[in-house]
Amino acid sequence: MVQLLSALPLICDNGPNVRVLMSSLCCSTNQAVMTVSPGSSQFFRGTSVSFSCKDDHSSAGWTLRRNTSKDTRAECNDWGRQADSSCVIDAVVSRDSGVYWCESREGGASNNVNVTVTDGLVILQSPFLPVAAGENITLLCKTKTPPCNLSADFYKDGAFVRKSPTCEMTIHYVSKSDEGAYKCNIGDLGESPPAWIRVTGTATTTSLPSPSVTFIIASIAGLVFLVVLALLVRRCVRRPPEECDPADDSLEPDGTLERERAAATRTDDVRYGQIMIRPFNSREHPPEKEVIYSSLRFDQ
């Protein structure tokens, strides 16, 4: 392994073509991040937009490029003006719609940003960079003449999602299932162009449920508790008091219930009665009637 690592710099110096191919293995390259200001991917015609590459570790320098319907890999000098480390378009027009990215001399590339310039009256302000799973994002339906004081309908992949009176829609704890093309519509003003939301990774932390979900769970738990309590009370009302006493259900060593043994030793529950025992075959003969004997004498 040590020999292989020591040989890599030699391989990287065998020509410019090999150097580019092996840059990910032996030549240090850093990933830049393409940023846009204002922070959106949709803009009204005439808006001033600034593009820049953010990379705190690379000193090689990055070149801003774009692909549009008329340009291919065009640099900043062909479509904007250089301002320090940014490229600025003072007033964007429809032909500025396209894909923008940063590219290094070594062949490294940043993320792509799909920019849309519209002549319409409504745009959707959304994250232009991929969103990490588990985060909250807010989509804002903007009108050309702010503020937005009308209700807005939001759609995902052409399907209606919800209506908002504040022109905003927040997605809590985004996941891969939230990826898609979003747009909004405001009454007679029209609808925005579609904006693609991308989600990276998976949520690694347990998210707290929303207040509405917490209230529903608490309500169900309370209802279940009340039902169980009512059943227990009903059971105790129908049974003798001693059967509702859990202490009486313990077993004695001889296997009898404690309450049975206690009942057997109570004296206040004893009732006395007179029992007559007769022989099984005995019969009582009725007393004989009193007989009166008399003597008769016959004279001859």
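Begin by selecting M34, V36, F51, L64, W79, Y100 and V115, the residues with the most contacts inside the largest nonpolar core, which has 21 residues. A nonpolar core is here a set of buried Ala, Val, Leu, Ile, Met, Phe, Trp, Tyr and Cys residues joined through side-chain atoms within 4.5 Å; buried means under 20% relative accessible area, exposed over 50%, and partly exposed in between, with a 1.4 Å probe and protein chains only. The model is predicted: local features need pLDDT of at least 70, side-chain atom pairs count only at pLDDT 80 or more, and totals for chains, interfaces and linings use all residues. Residues are numbered from 1 along each chain as its sequence is written, and side-chain values use heavy atoms, with hydrogens and water left out.

Centre the view on Y100. Contact means heavy atoms within 4.5 Å. Leaving aside neighbours within four places in sequence, Y100 is in contact with M34, F51, R65, R66, W79, I89, N111, N112, V113 and V115.

The structure holds 4 disulfides, a disulfide being a pair of cysteine sulfur atoms within 2.5 Å. Select C53 and C102, whose sulfur atoms are 1.7 Å apart. C53 lies in strand β3 (residues 49-54) and C102 in strand β8 (residues 98-104), so this pair ties together parts that are 49 residues apart in sequence. The torsion about their S-S bond is about -100°, so the disulfide is left-handed. Both cysteines, C53 and C102, are buried.

Now display β10, β12 and β15. These 3 strands form an open sheet in the order β10-β12-β15, with antiparallel pairing; two strands pair if DSSP finds at least two bridges between them. The edge strands, each pairing on one side only, are β10 (122-125) and β15 (168-171). Between β10 and β12 (residues 137-143) there are 4 bridges. To follow this pairing, select V122, which stands opposite T143 in β12.

C141 lies in β12 and C184 in strand β16 (residues 180-186), so the pair ties together parts that are 43 residues apart in sequence. Here the S-S torsion is about 80°, so the disulfide is right-handed. C141 and C184 are buried.

Then select C148 and C167, joined by a disulfide with an S to S distance of 1.7 Å. C148 is in the loop between β12 and β13 (152-156), and C167 is in the loop between β14 (159-164) and β15, 19 residues apart. C148 is partly exposed, with a relative accessible area of 22%, whereas C167 is buried at 0%.

**Last stop: R162**

Finish at R162 in strand β14, which counts as partly exposed at 37% relative accessibility. Not counting residues up to four places away in sequence, R162 touches A152, D153, F154, M169 and T170. The C-alpha atoms of R162 and C184 are separated by 9.8 Å, with the two residues 22 apart along the chain.

Definitions and conventions
Helices (H or I, at least four residues) and strands (E, at least two) are DSSP runs, numbered from the N terminus.
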